[in-house]
Amino acid sequence: MKLRVNHSQLLFLSRGTSANFQKEGTLRVGRREGDLCERFCRLRGNLLFILKKQGGKLEEVLLLERCEVKKLPDDDRRLTVVFVGGDPAVILESGGSADGASWLDALRDANADALRRRAARLRSLVDAHNHEGGGATEGTAGGAGAADKVSPLHLSVECAVAASRVEVQVCVIDTHTHTVRKHCCCQIVEGPGAGVFQTSVCFPADFPLYHHSRIKVTVYQQEEPSTRSFLGFTSFSIGDLLRSKEPPVSLSLSLYPLFIRTLDGVNEAGELKVSRLQMEGETPPDHKCPALCDSLHSSFHDKENSPMMRAVLCAQVSKVYRFQTEDQRWLLVREQMSETPLSFSLPKQLLSALIQSHLARVQEVKELGDLSPHWDGLRHDVVSHCDRLIGCYQETLAELHRLSASSCFKSSSSKADKHLQFVPTNLHSQRMEVTDPDGTGVWYEVITVGAPADHHQAFKHGGLKKLLSKHTTRRDSSVSYSRDERCRARRLLLRVAELQPLVFGLAEQLLAVSLELSTTRLQQALDGLTQQTELFVHALKDQLVKSALLEIHGNGLSDDTPTNQEEPRAGEYDEEEWDRAWVNVAMSLNCIVAMVDRLQGREDRPQEVTSSGREVTSSGLEMTSSGQEVTSSGQQEASGDPDPQNAASSSSSSPSSSSASSWQEQLLPLVVTLRDCVREAVEKARAAMTFVVLQGAAATTVSQGPAHLVQRRHAVFSQALSAVVCGFLLKISGSLLEDPDFLLQLHSVGLLVQFEGLLSTYGDEVGMLEDMDVGVADLSGVSFTVTEAKGERPDDLLPTLSGAWGSWVVEVPLPSETFGSLPQEVRGALIQVHPVLFNIGINQQQSLAERFGDSSLQERVNQQSSERLRAYCSELSGARPQAAGIQSLPVLLSSLDHSLETKKKKNVGVLWIAAMVCREVNGVRLTSCKSAKDRTAMSVTLEQCVLLRERHALERTHFSLALDCMRRSRLSWGQMLGCYSQSGVPVVGPDPGDRAPGLQGPWPPQCLAPEAPRRHLYPVAFLLVSSHLLVLWLILSLVILLAKYQDGCRMDNVQKNVGSRKFAFSGVQLLTFPKLYRPPDGSFG
């Protein structure tokens, strides 16, 4: 932490003799490898003091909590301190390996976790000693673990005090271990009468509540929304409560100062009545407000704590509520928000794949050899385009590798960062588990993410949709070839380049053998030439060559073919010209075969010889009569003789009397003709295939637009892809056991992905919506496939990306046991993604757009998505007519069409109906606004409350109250201490006379903001007692002064993004919002 305040107190603590410090010495300190400076470091408790020199000025203090100390793998002298909250890592370099190991051990032990481990070890030794000595009495020998648990337990609390509004806090104290094991805080409540307040407290089944436990209740009076005053406290035993014959246990509240006992002693301030509630069969007391139990950081056991979920989700924040149903029963609602490592994992994989794709494209165009100026210029453009993207992507990938080592989250304040273009903004999973009174539970998931858009390039010239439309109107209409066609063209070029020298070499060998006058050797040479020529002709008989040549001449490019070969004019070219080229090769070979037969003494049967010669090639060639006629004419032109066969017969009257020179002279013109025909066919095929490769490369590079436009599209797609993959993993994880029919639905019709946008159509957000529209549309080229994981480590269960642009495949690995339970049809099958986007602007800028601007983009996007949604539902109804929810789809789709046709301002009903359709077909839901922070919070909390109302019979009068609970709830002193559940660190309690001797929990409390606060108050005289009390008071004062509020999950999201616990709305702005999208008073500003 920076030394902004309390400099004198910290400077005092940094001084003193070496006996007051666990370790001290000289280290090189810095936050970058090139900025390391020599400093004198002193470790005291969990504080690392960094001085400029020994006895010199104090520069910095590190609080070694919520951090990890690691040794760098490449250097034993270097250590790195990585903070969980996202603060920059600190590098420490010692003078040697031994010194580095010593510092590593000391720094790892300088935290609350190590202190808890030592305390637990001591406690286990004490328990073992008591057990061996037999001194433990019954009821205490086993400690808390041996006592009978009494949870689950539901209590009704009625408080009678002289106040208008109160806040009740409940702490649970384990009298055996003398620690505060758990804490629940109840919402501010109002009772039915003056001065009487009622609420309830719920302890779940996995809560460590025993007969010997005591409950301490503290009551505060709320004077203003942000201030309160202490009224009193009391405590009672759980055993006394359960043994009481009278249902309500009446207790008196005692006026007692929080920290210092007053001279007036104990004064009575009111009365507290506590009774046990039965959740089944007995109606709870009348409540005006439900109870709110705040379970920070997943204190409840997650029944879905599977290896897959642990690999996909991280940094979870959880809240638990109780709401009343229409039949006066209770719903237990758990709200959970989590980050995901996919925020960085998938963008890194996409960047790697794009780099490899562009490198391969550069390689394939460079292998084309010498080209004409026009085509060489196109190749240069392709190479320059790819090189620029490769350089940018490699730089971005290196930076992402560095950042992902310490974080898996991109805040909204970093959305314009150049190196974070590909990372989704504020990506979180928002999940809600609802447990009905009968004990059945159901999960609802929504992925929240900032609108996929390139904030780095900004929106001065619009978004992707506008930029791509401008480029499309300017680029030429050249044909584009697919990836498979480009691969075929490259293979054909390689095959022709391999066969042409073989044919030429065998032809020369035939001439050389003819000098030997050996019929056997001559026949062997002829057989080799025939075989290779047949393979050559087969390679040329590819329809791709013919279509490419037609395209070249059809576009008027015949004067400048890729290989500078002179071609006929476009008007003179016909479709049969390529057929004549490769048939000429075949007929030239026939002539050579006929001549060899005559030289071997078979001139007396010329017709049979010619026929048999043709039969030799017929095994590998298919020639029509028209093709033979064309070939004859072409052969005459090539040889200069009107009848090459007659010329051959006239030049050789008798093979027995022919000399060696006459054999070679008779074969030479035919071999020359064959070589000319092969050369002509090769040049035509090479020109055609070069055209295919260049056009294919250009279509995926320069034809897509300038490099910055392609990079923008890739970045937007990366953001959208990461969010969709996260949603799919949550959906398939929840459906593996609960809904096996969903897996068959995925195989039949694919996965529906519905984006809900809250962007306006005014100002920069128009460009964001254009980016988002293109990015969502590009997701249609994505498919999922489920595979078997290699192991159950988190890295083994993360999805992997493969393929190329337009045909990406995301492999989702499942544990072996889970994969074995899948239907056979789903294993390894491709699951197609069907994305849709519905957007309705709700803020003040949308009001300006509807009044003075243009909303046509929003209307067009919604209408196109409605058509795609209807097509998906129609396909689903045809493939699986008996699936759940199919019957309600026609009504919902008709309502959606009606809402779209209705010209209503800020018609959020479109979003609600689209969300209902998506949930009916088990689709993935994603909600976005500019940064997924404020408007998104209003949307997801509203959706959660609507689900509670429609599917779980939430009492109608509790709807608004539930909405406010999820958007805001108080954090008081008791809740602050509740953050320290499940640990063993003894701390100083709030009340010296009535508190547990110890308190458990991580230090600093995990409920605080990621960035440690800077302002502290230290009673210096008390800090002189010991270094341990120093550390405790440092953090305790930090909690008291700065942790005033703990709000719902979405308020934690706001804190993570901007460091403030207020939604970024003003009162004037909210006047333009739909009423259900307005936050409660005090939660914005």
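Trainee: Which helix does Met772 lie in?
Mentor: Met772 is part of helix α20, which covers residues 764-778. Keep in mind that we are looking at a predicted model.

Trainee: Okay. Is Met772 buried or exposed?
Mentor: Buried: the relative accessible area of Met772 is 0%.

Trainee: Nice. Switching topic: in what order do the seven strands of the open sheet come?
Mentor: The order is β4-β3-β2-β1-β7-β6-β5, with antiparallel pairing.

Trainee: Which strands stand at the edges?
Mentor: β4 (58-63) and β5 (67-71). Each has a single partner strand, so one side of each has no neighbour in the sheet. On average, neighbouring strands of this sheet are turned by 30° against each other, direction ignored.

Trainee: How many bridges join β2 to β3?
Mentor: Five, between residues 37-44 of β2 and residues 47-51 of β3. As an example, Arg42 has Phe49 in β3 as its bridge partner.

Trainee: What about helices, which strands does α1 touch?
Mentor: Helix α1 (residues 7-14) packs on the sheet and touches β2, β3 and β4, and its direction makes about 85° with that of β4. Helix α2 (residues 97-109) packs on the sheet too, with β1, β6 and β7 among the strands it touches. The direction of α2 makes about 100° with that of β1.

Trainee: Now aromatics. How many aromatic pairs are there in the whole structure?
Mentor: A search finds six. One of them is Tyr393 with Phe422, edge-to-face, at 5.4 Å centre to centre and 85° between the planes.

Trainee: Where do Tyr393 and Phe422 sit in the chain?
Mentor: Tyr393 is in helix α8 (residues 373-404), while Phe422 is in the loop between α8 and β19, 29 residues apart. Both residues are buried. Elsewhere, ring pairs link Phe1063, Phe1065 and Phe1073 into a cluster.

Trainee: Last one: which residue lies over the face of Phe21?
Mentor: Arg44, at 5.5 Å from the ring centre. Arg827 likewise lies over the face of Phe819, at 5.5 Å from that ring centre.

Technical notes: Residues are numbered from 1 along each chain as its sequence is written. This is a predicted model: local features need pLDDT of at least 70, side-chain atom pairs count only at pLDDT 80 or more; totals for chains, interfaces and linings use all residues. Side-chain values use heavy atoms; hydrogens and water are left out. Two strands pair if DSSP finds at least two bridges between them. Helices (H or I, at least four residues) and strands (E, at least two) are DSSP runs, numbered from the N terminus. Axes are lines fitted to C-alpha atoms, for helices over the stretch in contact, and angles run from 0 to 180 degrees between N-to-C directions. Contact means heavy atoms within 4.5 Å. Rings of Phe, Tyr and Trp (its six-membered ring) pair if their centres lie within 6.5 Å; planes under 30 degrees apart count as stacked, over 60 as edge-to-face and the rest as tilted. Buried means under 20% relative accessible area, exposed over 50%, partly exposed in between (1.4 Å probe, protein chains only). A charge sits over a ring if NZ of Lys or CZ of Arg is within 6 Å of the ring centre and within 35 degrees of the ring normal.
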